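Please examine the structure shown below and work through the questions that accompany it.

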Amino acid sequence: MIAEALAVSAVLFCIGVVGVLTRRNAIIVFMCAELMLNAVNLSFVALAKMHGVTGHVFVVMVMTIAAAEAAVGLAIVISVFRHFGSVDLGSVRMLRG
Amino acid sequence: MRDFLLNLGTDRWALPALMLWPLVAALGVRLLGRDAETSSGAGIDARALTLAALLVEAVLGVALWGVFDPDVRGWQARVDLPWLTDIGAGFSVGVDGLAMPMVVLTALVMPLSLLGAWNNVRVRTASFGAIALMLVSGLIGIFVSLDLLLFYVSWELMLIPMYFLIGIWGTGNSSRAALRYVLFTLVGSLFMLVGIVLVWNLAGGTSFHIDHLMTATLSGRTQLWLFLAFFTAFAVKSALVPFHTWLPDAQSSAPTLVAVALGFKVGTYAILRFAIPMFPAAATDPTVRGTILVLSVIGIVYGAMLAMSQRDLKRLVAYSSISHLGFIMLGAFALTQQSVQGSVMIMVNHGISTSALFLLCGMLQDRRGTSDMLAFGGLARVVPMFSVMLTLAMLSTIGLPGTNGFIGEFLVLIGTYADRPVLAVIATSGVIFAAIYGLRALQRLLFERLDDSENLSMPDLSRRELAVMSAFAVAIIWLGVAPQSVLRRTERASADIVAAARFGPNASAVRTNLSAAP
Amino acid sequence: MKTALDGSIAEYAWLLPLLPLLGALINGFLAIAPRLSGRGTTGTVAERELAAGARHAGTNAIVSIVAPGVMLLAFGLAVAIFATMRGVALEEPFVRVFARWMPVGELVVDWGLQLDQLSILMTLVITGVGALIHLFSIGYMKADPGYARYFAYLNLFVAFMLTLVLGSSYAVLFVGWEGVGLCSYLLIGFWFSEKANADAGKKAFIVNRIGDFGFLVAMFLIWATVGTLDFVGAHQALAGLGGSAVLLSIALFLFLGCAGKSAQLPLYVWLPDAMAGPTPVSALIHAATMVTAGVYLIARASPIFAGAPEASLLVALVGALTALFAATVALRQWDIKKVLAYSTVSQLGYMFVAVGTGAYTAGVFHLVTHAFFKAVLFLGAGSVIHALHHAYHHTHRHEDAQDLRNMGGLSRYMPATFAAMTMATLAIAGIPPLSGFFSKDEILSATFARAVSSPLANATLLGIPGRSLLYAIYALGIVTALLTAIYMTRMLLMAFTGANRTGAAEQEALHEAPAIMTGPVVILALLALAGGWLNLPTLIPIGPVGALEHWLEPVVGASAARLSGTAKLSHGTEQVLVGIAIAAAVLGIAVAWVLYRRPLQDKAHSPADRGFAGVLANAYNVDAAVDAAVVRPLDGLAGAVLTRGIDVGVDGTFSAGGGILSRTASLIGQRLQDGDVGKYAWLLAAGALAMLAALTLR
């Protein structure tokens, strides 16, 4: 049971990583980041069955931080949209050295 | 005389004074000096100030000569002051028979050269004088440092001022020449820095002093890498073929005083002082030593042949410098008493005769704005004093017996012959090529038809120039007839270097094919 | 080592090289002094020379006294020392060390002086003939603006030459060796405004340097083998190494040095060009002294050569070939000085034949007699050239004053010179009882004697037995003697007999040289006449027999015996050989008499030499060949290949290498830092994975 859950979690995590790295739309990138976080939640819950309630505590913490991060991140995306007129990550090169 | 100087405590303050006085004087020259171009205005003529400072150096140098005892082993006039005690770097200076002639040479030749090249630099002479004094401090520091970190600082202290001196006050494509000089030598010195830190670490990380570092037990492989690191820096700085290409550009576009300073062979000095005694197994390793010896002989012939085809007199002298360096390197690595002392002799003599040649080139350039030999001809009729001096300096460069140039070359060759006969014979053929480039230069400049109208009224040596060149002429003949004064003082140090290479603490256990007689 | 000369006048022998040196310094100062004062350093060169010229008369007078003065003083001292030595049986050389020169570890080289029978003999020749030539030069160079400079160089030359013959070690000898090369350079190129003269001086120095290279290597070998460069010590130590490869190498390299200095094949090419210098210079340096330094060296190093018979055979062979080669070229030369130059090369060949076959005394004997008669010939030629110059100056024509075709019938105008030169010509041709006959005959007889039986004949050179070589050398010697007689008589006839071709107007101005020039010539001619008395052979005992042989016995006797064994010819054979020699000489004179009495045209109207005659006139085109085979390729190598090719390449590699390095680094940097956040994220992920892997996959 745990093994299957961990496998699903790993698959979800990889899908999330690939999405973050390859997608150009900022909203999609955020959705994939959420997906990564939820995959980690799933593996915590699965392992909590073995190791006790600490796993569930972590899940609650992750959810909270994910919510905060989503709020801040989406605010930045809206700011970027206002400045650049699009959310295409390929056109935002302000960090160019 | 020696007792009088010792009573004054000369051996306690001579070396720090020699090193630090130019830095102090540099400040004074920059603040108080007045440029040559501005006739009015406050301050004293910067050139006169610089000359005064250098004369003080000369006096200190003579004092050092007076206090030096040829029969004592080890360091003399030694001063150890704390500096960076955490890492073990101290202000340690001292001289032995190898360093002392170089210090005295620098101290005496620099003021003479400034006096001889008085009209060479006329703009911003205050800055020029200040930076030149910093250069002198670096030069002296290289020769007297016993602490490797202090040595490195002095090494770089010679490099940076040189860049400015060549780049700002040089002629021709001087900024390019200066940049190349810096890049070449800096890359080399960085290898050396790594080597210094490594050997400090291997010796316990407590002291940078050379005596302490020589006690470190180093395996053969470690020695090899360290030796190569140090050798790279020294080889580039002393223009060993194939790392020589920066020298002709730098020396021919530099102002006269700086060209003279480039002729002091700090690279080869450092090899004899540090690279060989500290890493004897690597220095005597047959492959390494053989390669360096072959490169030296190539340098001798290559430098001479390139000198043969030069049109510009300064470049010709620069290539002859490269040829001489081949002799010095050959003598250093042949590792016999005669060859090492010959090597030191050439370092001293080269400093004298090449400086004389550059001074004369400078005099020619100041009068006619060029050192292209084809612009001249028949000068012996117009400027006989100049011709006499040029002939004498050139004969010294090509090693005529009776001049100082012969002594060093002869000793190096006879010393090398005992060890590597074939290489010595090939190197001896260098004297033929030297005669060719030397006499061709003399002929193109002094003899043949005097037909250029500007040359017809060229002024001969002024009294000042005549006095300076006479001093060089006396040195050339004196050291050719009685080189005893230098040979006796370098004897012990040379013997020690040879002994350290063969029997020192890190020497190779396997007898390489060095000749039996020490 | 105690010798019989201790405490005698020989203690002052150090004055011998120092006196001419002092003269050189004084004369040099006088040459430059008029230009030293402030007035001389501004203005055009013409103005400066004018300002200096006003003071010339005074300085010239001083120079005229100082220069020959020091020579005569030195000669006087040499005579005094010689007289002392004659009264004493000197078995060991008298050696005095004055100062350390290069003491380095086990190498000890001192400034030392060695007096023995050989060095005092050379000193007498150098100072004696030198003094006479100095006197001659006073007249010859009177009108030259470089008068003081000339005598400074000439004195300096004598100082170095005396250092050469009086040095006590190979190193001190080498100082004199190169020193005379330097002075030769300065004097050949004395009139340096002409490129040809400067080139000739440069050529002499450089070719000499090739020989010096050999000398240096020989010195290294000697030191590496026996640990000392002193003559006494080295020769003693080397005595036991007879027949070894080391000794052979030393001898061969020493001979390379001699070949350069004494103009033997193939390093003779500088001597004919050296005629560009003033004629007294040719007389002193290129006839009497400097070129004989090589012969002196071999005599001095006789223990080495005696122990290396192959090298000695080579020396003799090269000498013989050189003698013949030069004689053939001299047959067709039109410049009087060139004839004498090639003649010198040829006679030097004879001297090398002598020292090569171990007849050291004969070689030195010929050296001395050659100094006499060749000096007469050169100085006489100088008088002739001086006269023709004067004549052409008188008529403002610019013909070649040195060309035989412009001479003729000069016996009428210059009787004393003619008489002297006739005597010298007969001497060089080998007519008895003049000196040249005795010395040349001794060389030839000695060669023949050694060919018959001697250790030298038993040696082999490159597989050829010494006996055959020696007979061949003898034959070459006879042929050369014949040719010598021919070309010398040709020269004499063309210059002094027949109709005068200089020109009708010039003839008014032709006259004998002043006394100061003719005097030395006559004295030398008398010496050429009587010089044979120095070493009369047993066959012709008209005076003391073998005086020179006895004199030089302590120095070269042992070495000579090693090579010649008990070679002794029967009286009958000797008489035949003498007869052959005389016959060759007489035949040569007769042939020349027949061939060259026909009238000639002066140079301007003479046809150019064609065919083989042209080849001879151009000295087999050797100079052109050397230029094409050696000089041009060397220059090409130095210029095109090395300077513009390899050096640029090496420089480019390092410079370009540095450039490529920095550009690559910057490219990488550019690509990594382009502001593309997606790329940064990739790198983050990759880095995190790598760290995880490193931590878990231990």
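Predicted model: local features only at pLDDT ≥ 70, side-chain atom pairs only at ≥ 80, totals over all residues.

Residues are numbered from 1 along each chain as its sequence is written, chains are lettered from A and ligands numbered from 1 in the order in which they are written, and side-chain values use heavy atoms, with hydrogens and water left out.

Me: Between which chains are the most contacts found?
Reply: A contact means heavy atoms within 4.5 Å. No contact joins chain A and chain B, whose closest C-alpha atoms lie 26 Å apart. Two pairs of chains touch, and the most contacts are between chains B and C.

Me: What percentage of the residues of chain C count as buried?
Reply: Chain C contains 27 helices and four strands, taken as DSSP runs numbered from the N terminus (helices H or I, at least four residues; strands E, at least two). Its C-alpha trace spans about 115 × 65 × 60 Å along the principal axes. Buried means under 20% relative accessible area, exposed over 50%, and partly exposed in between (1.4 Å probe, protein chains only). Of the 698 residues of chain C, the buried share is 58%.

Me: Which residue forms a salt bridge with Asp372(B)?
Reply: A salt bridge is a side-chain nitrogen of Lys or Arg within 4 Å of a carboxyl oxygen of Asp or Glu. Asp372(B) counts as buried at 18% relative accessibility. In the salt bridge of Asp372(B), the N to O distance is 2.6 Å and the partner is Arg311(B).

Me: How many residues apart in sequence are the parts that Asp372(B) and Arg311(B) tie together?
Reply: Arg311(B) is partly exposed, with 48% relative accessibility. Asp372(B) lies in the loop between α16 (337–368) and α17 (379–382) of chain B, and Arg311(B) in the loop between α14 (286–308) and α15 (313–334) of chain B. The pair therefore ties together parts whose separation in sequence is 61 residues.

Me: In which helix of chain C are Asp199(C) and Lys202(C) about one helical turn apart?
Reply: Asp199(C) and Lys202(C) form a salt bridge, with the closest N and O atoms 3.9 Å apart. Asp199(C) is partly exposed at 25% relative accessible area, whereas Lys202(C) is buried at 16%. The two residues are three positions apart, hence about one helical turn, in helix α7 (residues 195–226).

Me: What is the N to O distance between Asp273(C) and Lys203(C)?
Reply: Asp273(C), with a relative accessible area of 24%, is partly exposed. The side chains of Asp273(C) and Lys203(C) meet in a salt bridge, with an N to O distance of 3.0 Å.

Me: Which residue of chain C belongs to one network with Arg176(B) and Arg180(B)?
Reply: The structure holds 28 salt bridges over all chains. Salt bridges that share partners join Arg176(B), Arg180(B), Asp249(B) and Arg315(B) into one network with Asp651(C).

Me: Where in chain C does Glu92(C) lie?
Reply: Glu91(C), Glu92(C), Glu549(C) and Glu553(C) form a negative surface patch, a patch being made of residues with over 30% relative accessible area and no salt bridge, with like charges joined within 9 Å and nonpolar side chains (Val, Leu, Ile, Met, Phe, Trp, Tyr) within 5 Å. Glu92(C) is partly exposed, at 38% relative accessible area. Its place is the loop between α3 (56–86) and β1 (94–104).

Key:
Areas by Shrake-Rupley, 256 points an atom, 1.4 Å probe, with all protein chains shown as cover. Lys, Arg positive; Asp, Glu negative; His and termini not counted. Charge placed at Lys NZ, Arg CZ, Asp CG, Glu CD.
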